[in-house]
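Have a look at the sequence and the fold before reading on.

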Amino acid sequence: MITLWELRGKGGRPYSLFSWRTRMALKHKGLDFASQPVKMSDKAAIAFSGGKTVPIIKDGETVVRDSWKIAEHLEDRYADKPTLFGGEIGRGVTQAFNTWVDRVVVPAMMPVIVADVHERVDPGDETYFRQQFEGFLKCTLEEARTRRPHALERVQKVLEPLHAAVKRQAFICGSAPAYADYILLSVLQWARVTSPPDIFDSSDPLYGWRSRMLDLYDGFARNIPTA
């Protein structure tokens, strides 16, 4: 069985957006896995990987870290199972989408939910989390919360092209979901499991898309503790 090292918060919440990409990729491939929770601040627990961040998988004797590298490993090693990319062109386009989400959508979402995330991380990570994210944001978590309305407007503008995309097709990847869908879902799941206010109105196209994604694999992403 594959082992997945990932962050866990209060109440057993698997809140890491990058780990959600791996979780959904494993489900897509029909692969069983065991979750190994770690604290964000506990670098010793994952030193065996040669890195300082999760997700990490151990597949047999192979250790892979970084959500994108894990996706490529799963695609290449389990080529007989449903494809994550749909071929080499699809792999390239998906990597470009991955980069855009990481550099545009994630930074836009962070100030919207960061104060709420802090309230739901493992208690042993609270100080480390505050230091790290206040450094990223150049403000306190409390200041970030007061700026949430403006930050939410920015998120909505960033996501507008994707609202338009899922008006035309059921999933980001077309008629069926694949890894690009899991990339976007990971950011929205990060918000869903950590922050009480919903960023969508039920009439928003991405609200319907998210509902379809949450229903996949017998409600795998839906049936977890949320805020």
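This is a predicted model: local features need pLDDT of at least 70, side-chain atom pairs count only at pLDDT 80 or more; totals for chains, interfaces and linings use all residues.

Residues are numbered from 1 along each chain as its sequence is written, and side-chain values use heavy atoms, with hydrogens and water left out.

Let's start with the core. A nonpolar core is a set of buried Ala, Val, Leu, Ile, Met, Phe, Trp, Tyr and Cys residues joined through side-chain atoms within 4.5 Å, where buried means under 20% relative accessible area (1.4 Å probe, protein chains only). The largest one here has 75 residues, and those touching the most other members are Leu74, Met109, Leu159, Tyr179, Trp190 and Trp209. Helices are DSSP runs (H or I, at least four residues), numbered from the N terminus.

Take Trp190 as an example. Skipping its neighbours within four places in sequence, Trp190 is in contact (heavy atoms within 4.5 Å) with Tyr15, Leu17, Val106, Met109, Met110, Ile113 and Val117.

Now for the gaps. On a 1 Å grid over the protein atoms alone, a cavity is a set of points where a 1.4 Å probe fits but cannot get out, and a pocket is an open set with protein on both sides within 12 Å along at least five of seven lines; lining residues have an atom within 4 Å of a point. Grid points are joined across faces, edges and corners, and a volume is the space filled by probe spheres set on the points.

| Space | Volume | Lining by class |
|---|---|---|
| Largest cavity | about 40 Å³ | 5 nonpolar, no polar, 3 charged |
| Largest pocket | about 580 Å³ | 17 nonpolar, 5 polar, 7 charged |
| Second largest pocket | about 160 Å³ | 6 nonpolar, 1 polar, 3 charged |

In those classes, Ala, Val, Leu, Ile, Met, Phe, Trp, Tyr, Cys and Pro count as nonpolar, Asp, Glu, Lys and Arg as charged, and the others, Gly among them, as polar.

Which helix gives the most to the lining of the largest cavity? That's α3, with 5 residues. The lining includes Pro111, Asp116 and Arg145.

As for the largest pocket, Leu7, Phe18, Met40, Thr53 and Val54 are the closest to its centre among the 29 lining residues. In the second largest pocket, α6 (148-168) supplies the largest share of the lining, 4 residues.

Terms used:
Buried means under 20% relative accessible area, exposed over 50%, partly exposed in between (1.4 Å probe, protein chains only). Helices (H or I, at least four residues) and strands (E, at least two) are DSSP runs, numbered from the N terminus.
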